[in-house]
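Visitor: I am new to reading structures. Please take me through the aromatic rings, slowly and closely.

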Amino acid sequence: MTLSKLSLRNAKRQTGDYLVYFVTVTITAALLYACNGLIFSPEILKLSTLMKSLPVTIVLASIVVVCIMGWLVQYTTGFMFTKRSREFGTYILIGLENRQVARLFFLENLIVGAFALLFGILLGNLVFQALRAILLALFGIPYTFAFTFSFRAVALTLFYFVLIYLSAQLRSRRRIRSMKIYDLIYFDRLNENAALAKSGRRKKIFSASIVFGVAGTLLLLTRSLPTGILGAACIIVFLYGFFLSFSSGVPAWFDRRPGRKYQGQTLLIFRTLSAKLNTMGIMMATIA
């Protein structure tokens, strides 16, 4: 059986797991197209001549969406890799080379990604219509539904999507090619190391994040574009600093209090948190 046929068969066999992955990537493509559609929308471009800050705001929002969606695709690709790492290790154990297994995983995700991109652009047009209707309503401009595609928005979405998607797949490919059989088989059992292991450093980052959060909120309340952008940056720093220090601090707090740690079902929750410290903190910050 060739790698292409094996990839297609695995994609069908892993339908349940890949459904979550497919939906995630589809939503990613949809949001990318919706934001790009706003950038190239004739009505929005006309409004931009009246409001100089509008195009800057839309572009900055698009950059934030691209960064968040890039992280999301990286996360879901890593999730799929973790779930199938033991299977990949078995493939290598029975005679396949690392590069062949890496290519197998790459082809599987390429198949899923191609269909997700197609459905994402179709869904993205509906999301774009909703965002367009909201913006036009804010300015009292009549809205008429028009299911049309912007080729420039499609091209920019394709560029962003390929950049995000391929970077995630190439990272997983490099990881598979460099890992040994033992590491692959037991990869799903590995715990993550704490991002902020030292208590003093954790407290400093937590305190600094609170300061950034307060400063960012005050800057956003000025309702000025330059200070608003700076305020948004402060809020982002606050979110990541707060959640990274929080996710590392909870297990450390229980470690210093064994009585509470072994009380009821607390140990199970503690074990779950300590196994995914870095991912948990970054995920909560990104969602926030």
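At what relative accessibility does Y160 count as partly exposed?

Guide: Y160 has 22% relative accessibility, so it counts as partly exposed (buried is under 20% relative accessible area, exposed over 50%, partly exposed in between, with a 1.4 Å probe and protein chains only). This is a predicted model, where local features need pLDDT of at least 70 and side-chain atom pairs count only at pLDDT 80 or more, while totals for chains, interfaces and linings use all residues. Residues are numbered from 1 along each chain as its sequence is written, and side-chain values use heavy atoms, without hydrogens and water.

F159 reaches 51%, so it counts as exposed. Now the rings. Rings of Phe, Tyr and Trp (its six-membered ring) pair if their centres lie within 6.5 Å; planes under 30 degrees apart are stacked, over 60 edge-to-face, the rest tilted. The count is 10 aromatic pairs. F88 and F105 are edge-to-face, because their planes meet at 70°, with centres 5.2 Å apart. This pair links distant parts of the chain. F88 lies in helix α4 (residues 53-93) and F105 in helix α5 (residues 98-138), 17 residues apart. Helices here are DSSP runs (H or I, at least four residues), numbered from the N terminus. Both F88 and F105 are buried. F159 and Y160 also pair, but tilted: 5.9 Å between centres, 50° between planes.

Finally, look at F106. The charged end of R173 sits over its ring, 5.7 Å from the centre (NZ of Lys or CZ of Arg within 6 Å of the ring centre and within 35 degrees of the ring normal).

Key
Helices (H or I, at least four residues) and strands (E, at least two) are DSSP runs, numbered from the N terminus.
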